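Here's a predicted model to pick apart together. Let's ask why each label applies, and check it against the cut-off behind it.

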Amino acid sequence: MTDHFTPANLDLAHEIIGRYPVKRSAMIPLLHLAQEQDGWVTEDAMRQIAELVEVTPAEVLGTCSFYEMFKRQPVGRFLINICGTLSCQLMGAEDLIHHAEQTLGITSGDTTPDGLFTLAVAECQAACTEAPCLQVNYRHRYKVTPADFDDLVEELRRQAGEGEGPDPQSPETAGVPRHGVLSVARQHIPAERAAGPSSPTTNQGPPVWMPPPDAEEPK
Amino acid sequence: MSDATRVYRSPPREGSPVSDPTEAPPDDGVKITIDGREFTAHKGELLIAAAERAGTYIPHFCYHSRMSPVGMCRMCLVEVDSGRGPGLQPSCMVPVSDGMVVDTESETTKRAQEGILELLLINHPLDCPVCDKGGECPLQDQAVAFGPGESRFVEEKRHYEKPIPISDLVNLDRERCILCDRCTRFAREVAGDPLISFTERGNRTQVLTFPDDPFSSYFSGNTVQICPVGALTAAPYRFRARPWDLDQVESTCTTCSVGCRIAVQSSGDQIVRRLGVDIDPVNHGWLCDRGRFDYESAYSPERITDPLMRGRAGDSELIEATWPAAMAATAETLREAIDAHGASSVAVLGGARLTNEDAYTWSKLARTVIGTDNIDSQLADGLAAEMVLTLPRATIDEACSADTVIMFGVDPKEELPVLHLRLRHAVVEDKVPMIEFSPVETSLSRHCRSVRHLPGALTESVSELLASEGERIGSGSVVVVVGRGSLAGSGEDIEAAVAAIRQAIPHATFLPALRRGNVMGALQMGLSPGILPGGLAFSEADRLGEDWAGSQPVVSDEPGLDAAGILAAAAAGRVAVLILLGADPLADVPDRDLAERALAGAGTVVAVDTHLTVSARRAHVVLPASGPGEKAGTTTNLEGRISRLGPKVTPPGTARPDWMIAVELADRLGVDMGFADSRRIWDEISTVVPMFSDCPVERIESPEAQDGILCRPAGDGDLRWDPPAAVAAPPVDAYALRLVSSRKLYDQATMTANSPSLAGLAEESRVRLNPRELDRLGVTDGGRLAFVSPRTRIIATVSGDEKVPRGVMAMTFNAAGPAASELIELGTVVTEVRVETL
Ligand code: SF4
Ligand code: SF4
Ligand code: FES
């Protein structure tokens, strides 16, 4: 048995698995959980996920490696993706990328020696009207000028200086959570309100959440 | 067009049968037109398969008739008109429909084929001159037949490190891979070992294992055979030969009793490769890696090439001798023994390595020339011959389509690997209900209803099921797959369970899952005491003609000793000559101590074998026998299917077939058996043995025999099986563990241990215990404990294993290191073992 998830995350993993009628369906949510725990997806994490959802590690790798956003190498605490696609290009992305490389002292794809920043050139981020744009840990920043970039980096350094910063799971947090943290709110369905998984192979009826045909219309 | 990923025999081609013109069109037939010719296809049939049956080859890479279609490669695009005008469709994904018009040679089809090939070749390294597949490569062949002839691609190709080992047996060259999903599909769908997967999907999609988690499937070699390019190559065959140098015959694998059909290929009179041949009733083209690669053992330094003899002093070394000297000495010893102590002082152990013809000849030599009935082809590690020969028998196909399959006493993945593939497919894909009884978790447990029972309590467990559900189960067809399983207890528990099922469900049929290559043939040729060829009892000997009817055992009507009896008699000094026919009692008898004493106590030990086994080293005379691929004849699989073996190479040195050794011994004892070749022997078998009367030489040599000919005992003879009364296992001793000792695919078996590519795959001996048991004993994985049985005390390494329930200890039989057989005493119902911490 691989022992990679923290006890709290292991509990969470079991809760997540419990949501699905077929265990392997939990593979991607568990990969997210692993990335949240470590900032990237380690081999040990993939091994343990395989054990948890009863597939082989090769199958987890096959799925994990399909998704560019699952990082299988360590990345910085802040992953900065600068859009390099057409609209942003036209609006100065190239200069922005050049500036970012100069400022951080790394070329795109690399991580700063202090482990704070990973810089990457990304494809379209669906914000062409706000070009040039970038994402920090997948949070958008619009119409970014080189000066904006410097401010951003300074702000992130300051945040990092405060240690782990505010609890990333707290909705009050205004800053940018560590790379790997997907959202500040975690889904949690209390047992009494959960419909529970229903097996697609045995359940031939309507979905469990659908009211029976003779049920009263909710007022 | 040849598809070298499969071996074709001609005619008929295997795998996708060419339609038989005499076959009436199916009732539910679907009429289609292929290239202007009408053809009636089966409803739901894939277009590519229908076309192949109609005699039209559609080029393809990813489609494989034994796996689900995926439409990955697009090579099979053809123009299809289903009523809405012609359009290109992948014929491997399209089922036939009424009135479908197909053009496989239109301009559009050709352009599509050229386009696909050009795309496939963009990143292909074209290193054909150094590629094992070159010369039998579907990509090469199809590029020539259907490709554009030249490439417009001048850019740099994709590069990967080449090749990388993905297991001890298989290398992967990712540059050559065309991403057809055959290997990964095979691993997932057929083998159930998805240890390889497409990774980095996108521009750099590649097949890979997880780091440090090799593709260690028992079936990995099949991926090499079905890979349509040279991306996957077999380490044992790498750079060994070129296809055009190879010479091949079709044969049957005799490594286990599944009897997979194979092509044996040689170069320069050496076997260099075995490939699976697709026959419908048995292996569907698949082989296990053991059967695929253990030909290597023929060239091991332990292979015996010339007779060996020891001086009469007994303690002198085995030294090379000539055949005349060795045979004269053997015959002389036999004559002396018979004169001094009677024929019953001679005993013969083994015979499951032999061909049917060998087995018949030895059976006849023992009974009619020597005059002894102390003869057993099983080494107290099988099932009662009377039971095996009288049970109504099922085929593999019948097992795979039964309403209920009941299985016990075998983990087919470890003992009969391709049977496992067939059963796994039935259970997982076809949802055939299976109920398995086993003391530990097996490879199929998680796919079926698996009942755990304490060692020794099988009958109890089976009876419970029959009491509660026997009626429901008995309302449909039932096939029982029954093997010997754990060697730590007598087979009686299994036999009693069989009897219980026979009683509750009289129409149940049985597939005996005995393991050794031709054990069924050996039993059917009379290599067990009290049973004559064809499963006849002594009382029916006259049906076999005067040779047999007049033989000493029959006349005196005294059945001889079985293996256990022979070993006990030898240990007591009552066996003057012990002949080991490919038997290695020290390794295989589940009672090491008894085997030791038997070999020490026997007067003269004569070993007829291919290799110098541990037991053969103790022999006084060693006679070299020819091995698989080196001899003609027939073999019988566990269903009773008789198929022809193809001799391909000459045996090394002066080794010769076992029948020939028997004939010469008979000759020296003054009897001319009249056999000059194995064909002549089968002729006699089919003439005198009623069971084989409709199976004359001509039929054995006809194409029909390539699928094997089913010959089963009629079941109307005098042979009786008296099932043991339900055995009562002793009450559970809370301070002891019950031993379960069954075999694994890779162990110290002669051929495996002598095949360099396989030997390293065998695990060292260790004891597997439930992890909580380890905690209780205060040891961790890899720790050592002492195990004490009434026989002896051994010290072994332990490891935790959830598959083993508490109260049970599992130990692989015949693994290197402390042997489970040291703990076992033959004949006890269960082996109770006490544990001591060190
Ligand atoms: S390695 Fe061979 S079988 Fe596997 S996907 Fe590549 S080409 Fe197909
Ligand atoms: S399953 Fe048995 S017969 Fe088939 S290849 Fe393996 S060893 Fe040979
Ligand atoms: S054979 Fe049809 S797509 Fe590959």
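Q: Why is B:Ala241 called partly exposed?
A: B:Ala241 has 18 C-beta neighbours inside 10 Å. Buried needs 20 or more and exposed needs 12 or fewer, so B:Ala241 counts as partly exposed.

Q: Where does B:Ala241 sit, and which residues does B:Ala241 touch?
A: Look in the loop between β10 (232-234) and β11 (247-252) of chain B. Leaving out residues up to four places away in sequence, B:Ala241 touches B:Leu246, B:Ser267 and B:Val272. What counts here is C-beta atoms within 7 Å. There's also B:Asp132: 109 residues apart along the chain from B:Ala241, with the two C-alpha atoms separated by 7.7 Å.

Q: What makes B:Arg204 exposed?
A: B:Arg204 has 11 other C-beta atoms within 10 Å. The label exposed takes 12 or fewer, so B:Arg204 is exposed. You'll find B:Arg204 in the loop between β8 and β9 (206-209) of chain B. From B:Arg204 to B:Met673 it's 469 residues in sequence and 67 Å in space, C-alpha to C-alpha.

Q: What does the contact between the chains take from chain A and chain B?
A: Chain B gives 12 residues and chain A gives 9 residues. On the chain B side, strand β8 (residues 196-199) supplies the largest share, 4 residues. That side of chain B has 6 nonpolar, 3 polar and 3 charged residues.

Q: How do you know that the crossing of α2(A) and α3(A) is right-handed, and at what angle do the axes cross?
A: Handedness is read from how the near helix is turned from the far one, with clockwise giving right-handed; the crossing of α2(A) and α3(A) is right-handed. The axes of helix α2 (residues 27-38) and helix α3 (residues 43-53) of chain A come within 10 Å and cross at roughly 145°.

Q: Which residues make the contact of α2(A) with α3(A), and of what class are they?
A: From α2(A) come A:Met27, A:Leu30, A:Leu31, A:Ala34 and A:Asp38, and from α3(A) come A:Ala45, A:Ile49, A:Leu52 and A:Val53. They divide into 8 nonpolar, no polar and 1 charged. Asp is in the charged class, so A:Asp38 is the charged one.

Q: Why are β2 and β4 of chain A called edge strands?
A: Each of the two, β2 (117-122) and β4 (139-141), pairs on one side only. The open sheet of 4 strands has the order β2-β1-β3-β4, with mixed pairing. Neighbouring strands in this sheet are turned by 25° against each other on average, direction ignored.

Q: What makes β3 and β4 of chain A a pair?
A: A pair needs at least two bridges. Strand β3 (residues 134-136) and β4(A) have 3 bridges, in the antiparallel sense, so they pair. One bridge joins A:Gln135 to A:His140 in β4(A).

Q: Which residues come nearest to ligand 2, and what makes a residue part of the shell?
A: A C-beta atom within 6 Å is the test, and 14 residues are around ligand 2. B:Cys253, B:Cys256, B:Cys260, B:Cys288 and B:Gly291 come nearest. By class, the shell has 9 nonpolar, 4 polar and 1 charged residues.

Q: Which residues are closest to ligand 1?
A: Of 13 surrounding residues, the closest are B:Cys177, B:Cys180, B:Cys183, B:Cys227 and B:Ala231. The shell around ligand 1 has 11 nonpolar, no polar and 2 charged residues.

Note on methods: Residues numbered from 1 in each chain as written. Chains lettered and ligands numbered in written order. Predicted model: local features only at pLDDT ≥ 70, side-chain atom pairs only at ≥ 80, totals over all residues. Contact = placed C-beta atoms within 7 Å. Axes fitted to C-alpha atoms, helices over the stretch in contact; angles between N-to-C directions.
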